[in-house]
Amino acid sequence: MYRVDFNKLRFLICDDNPHMRRILRTLLHSFGAREVYEAEDGATALEMYTHYVPDIVITDWSMPIFDGLELAQMIRQPESKGNPYAPIIMLTGHSEKRRVTVARDAGVTEFLAKPISAKGLYQRILNVVANPRPFIKTKTYFGPDRRRNTTNTYIGPERRGSGEVEVMQQPSLLEKARSSI
């Protein structure tokens with residue numbers, strides 16, 4: 001058995017609300033994280049992302065300059081600086097299915113509706129660390145596999161076509177963060 005040692009992970013929090021950043025920082029510290037960087041807008045977050053190369057990005061959707069969705073799209077550019085495979089957890093007060101789909105299609109790994117809970121945040125982080133999804137590269141998309149259920153028996157209208165699809169295993173954070181009990 002193992003547990004995740006948050007002390008070995010580097011986080012970037014991006015939210016324009018200083019109170020929300022403080023709540024997230026406090027929760028991450030309570031989980032054991034020590035390297036937590038903060039940005040108040042998407043532009044600053046992108047700059048910090050390329051400089052600090054965080055293992056996990058936690059971003060709000062709605063922010064000035066450019067929002068969390070645009071930040072996710074910039075991070076997911078394969079030719080961008082930094083790690084395009086870094087898990088992105090999107091926070092928002094709007095959890096309609098349409099928004100979840102738009103975030104997923106921008107390359108967001110996990111979605112967490114506000115108000116957040118310690119348990120919800122912990123579960124999302126644990127999921128991106130322990131169960132990384134393979135990355136998909138097509139002409140129009142680069143990011144984590146949007147399908148959570150990977151059975152090959154689905155034959156519906158949204159089945160991925162047989163076009164040019166490259167499947168890449170995401171570098172696992174589990175080896176970096178593993179701590180034996």
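Residues are numbered from 1 along each chain as its sequence is written, and side-chain values use heavy atoms, with hydrogens and water left out. In this predicted model, local features need pLDDT of at least 70 and side-chain atom pairs count only at pLDDT 80 or more, while totals for chains, interfaces and linings use all residues.

**Exercise 1.** Determine which residues are linked with Lys 114 in a network of salt bridges.

*Solution.* 
1. A salt bridge is a side-chain nitrogen of Lys or Arg within 4 Å of a carboxyl oxygen of Asp or Glu. The structure holds eight salt bridges.
2. Asp 15 forms one of them with Lys 114, with 3.3 Å between the closest N and O atoms. Asp 15 lies in the loop between strand S2 (10-14) and helix H1 (18-31) and Lys 114 in the loop between strand S6 (110-113) and helix H5 (118-130), so this pair ties together parts 99 residues apart in sequence. Helices (H or I, at least four residues) and strands (E, at least two) are DSSP runs, numbered from the N terminus.
3. Asp 60 also forms a salt bridge with Lys 114, the closest N and O atoms being 3.2 Å apart. This pair links distant parts of the chain, since Asp 60 is in strand S4 (residues 56-60) and Lys 114 in the loop between S6 and H5, 54 residues apart.
4. The network therefore consists of Asp 15, Asp 60 and Lys 114.

**Exercise 2.** Classify Asp 15, Asp 60 and Lys 114 as buried, partly exposed or exposed.

*Solution.* 
1. Buried means under 20% relative accessible area, exposed over 50%, and partly exposed in between (1.4 Å probe, protein chains only).
2. Asp 15 has a relative accessible area of 0% and is buried. Asp 60, at 6%, is buried.
3. Lys 114 has 26% relative accessibility and counts as partly exposed.

**Exercise 3.** State the strand order of the open sheet and describe how H1 lies across strands.

*Solution.* 
1. Two strands pair if DSSP finds at least two bridges between them. Five strands form the open sheet in the order S3-S2-S4-S5-S6, with parallel pairing.
2. S3 and S6 are the edge strands, each pairing on one side only.
3. Four bridges join S4 to the parallel strand S5 (residues 88-92). Asp 60 stands opposite Leu 91 in S5.
4. H1 lies across S2, S3, S4 and S5 and runs at about 170° to S3. Contact means heavy atoms within 4.5 Å; axes are lines fitted to C-alpha atoms, for helices over the stretch in contact, and angles run from 0 to 180 degrees between N-to-C directions.
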